[in-house]
Each structure stands twice: as structure tokens, then as C-alpha cells.
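Dear colleague,

Please read them with the model open.

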Amino acid sequence: MTPTATVLLVFGRGVVADDDGYRLSAESAARARAAIGYVHAHAAEFRRAAGARVVFTGGWPHGPAGAPGPPAGCREGELMLALARAAGLDGYARLHAETRSRTTLQNLAHTVQDGLLAGPAHTPARPLGLVSHPWHLPRIRFLAGKVLGLSGAALVDVPVTGPDPVPAGRERATRAVSRLCYLGLRTPESLLRRERGLARSAERVAGLFRR
């Protein structure tokens, strides 16, 4: 029987800006609800566990490049946390929001840098739960191995049910590129430096085609 993960890391899927302000995309809201459902389904374990927590990650991942992000309180992690708090999740676990990140790698790296996963090591007996859509979870697991040094049964998938239209081929290509580009890197800082370098290179290439 798989042990319950009483520390959850929830990955966002976008914030929408409109005339009424900022709100979670349907996919981000579904991920927050998946975390809420998991905690409620394992309420007794969460209440007993020392250090039980849920960390919601994300700033403004799909915002236009160079545009200012949402104001404090309206970033992705904060909006997911507010949804969880409204559902009473703070009665079972400590709730945290990481609000600086724009990518999956940054979700993990900034969560570590902000000390939001500090505590006893995660092991198969005390796994870390990863909350996202099924197509996203393999890439999260790969990056968690890089950033956190965790793999296998030390990680528990908490998949979201419901549609999220991401072409399978595109995600497979993204995972393959990640494996190649992050080969040999093992610290959050080195991984983030590589990601920034790749983003600059991609922007230069895109600029050539815009001329």
C-alpha cells in the first residue's frame, strides 16, 4: 500500500487577467481542487503528521514576456492557496505559496530556495506528493530528481482528473529537451542558470525570424 504523502507540492497552470481582475485558469483551479480532495481523503493522516503542509507554486506563468506580474495576492500560488483556505484545508495542514516562478523548474527550485520544503527528508515511507495533470507528472518527476534528489517511491503522483489539452507529442519533446539540456546539473542554482541561458538563446533565434 502506498503511504500517504502529507507534504504536497501543487503545480499551477495559469492565471487569467480580465476586466474583473485576476483569476485561476480552469486547469489551475482543477489542480488546487485535486490537492483539496487528496487532503480530505486522507484527513486522519494529515492531522496526525508533524509538518503536514501543502505548497502552491506559481507567479504568472503565461503572462506576456516583459509584462508586470499580478499584484500581491493575485499571483498563481496565492490564488490557489486562497481556494484551499476557503475549502478549510488550513485545518489539516500548513498552507504556503511560492509566487516567483514562471516554469516547472522554477516551481521546484524557488520552493527549495524559499525553504518551503524544509524538514525531514522525503523517503518511500514519507513521500512527497506531486499534484498536477497526468501528462505533466513525468517531467515533474525528472526535474524533482534534479532539484530535490528524489525519485521512485519517494515521490507520489496526485493526478488531476479532467481534460487539459496538451498535445502528447509536444510534451514528449519538452521532456526530451529537458533531459538533454540539464544533463549533469544537480543544484537549483545551476539549473536556473541553464534555463535562463536557454531562454536567452531562444529569444535571439526568435528575433532573427521577426526581422
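Two strands are said to pair if DSSP finds at least two bridges between them, and the helices (H or I, at least four residues) and strands (E, at least two) are DSSP runs, numbered from the N terminus. Please bear in mind that this is a predicted model, in which local features need pLDDT of at least 70 and side-chain atom pairs count only at pLDDT 80 or more, while totals for chains, interfaces and linings use all residues. Residues are numbered from 1 along each chain as its sequence is written, and side-chain values use heavy atoms, with hydrogens and water left out.

I begin with strand β1 (residues 7-11). This strand pairs with strand β6 (residues 128-132) in the parallel sense over four bridges, and V10 stands opposite V131 of β6. Strand β4 (residues 53-57) also runs parallel to β1, to which five bridges join it, with L9 opposite V55. Five of the five residues of β1 are buried (under 20% relative accessible area, with a 1.4 Å probe and protein chains only), so the strand is largely enclosed by the rest of the structure. In a regular strand the side chains alternate between the two faces of the sheet; here V7, L9 and F11 point one way from β1, and L8 and V10 the other way.

Turning to the helices, the buried residues of helix α3 (residues 76-86) are E76, G77, L79, M80, L81 and A84, and they pack against several elements, including β1, α1 and β4, where contact means heavy atoms within 4.5 Å. Just after α3, G88 takes a positive phi of about 85°.

Helix α4 (residues 104-113) and helix α5 (residues 137-148) have axes, which are lines fitted to C-alpha atoms over the stretch in contact, that come within 10 Å and cross at roughly 35°, on a scale from 0 to 180 degrees between N-to-C directions. The contact is made by T104, L105, L108, A109 and V112 of α4 together with R139, I140, L143, A144, V147 and L148 of α5. These residues divide into nine nonpolar, one polar and one charged, where Ala, Val, Leu, Ile, Met, Phe, Trp, Tyr, Cys and Pro count as nonpolar, Asp, Glu, Lys and Arg as charged, and the others, Gly among them, as polar.

H110 is also found in helix α4, and this histidine is buried, with a relative accessible area of 10%. Leaving aside its neighbours within four places in sequence, H110 is in contact with E98, R100, S101 and L192.

With best wishes

Conventions:
Buried < 20%, exposed > 50% of the residue type's maximum accessible area, 1.4 Å probe, protein only.
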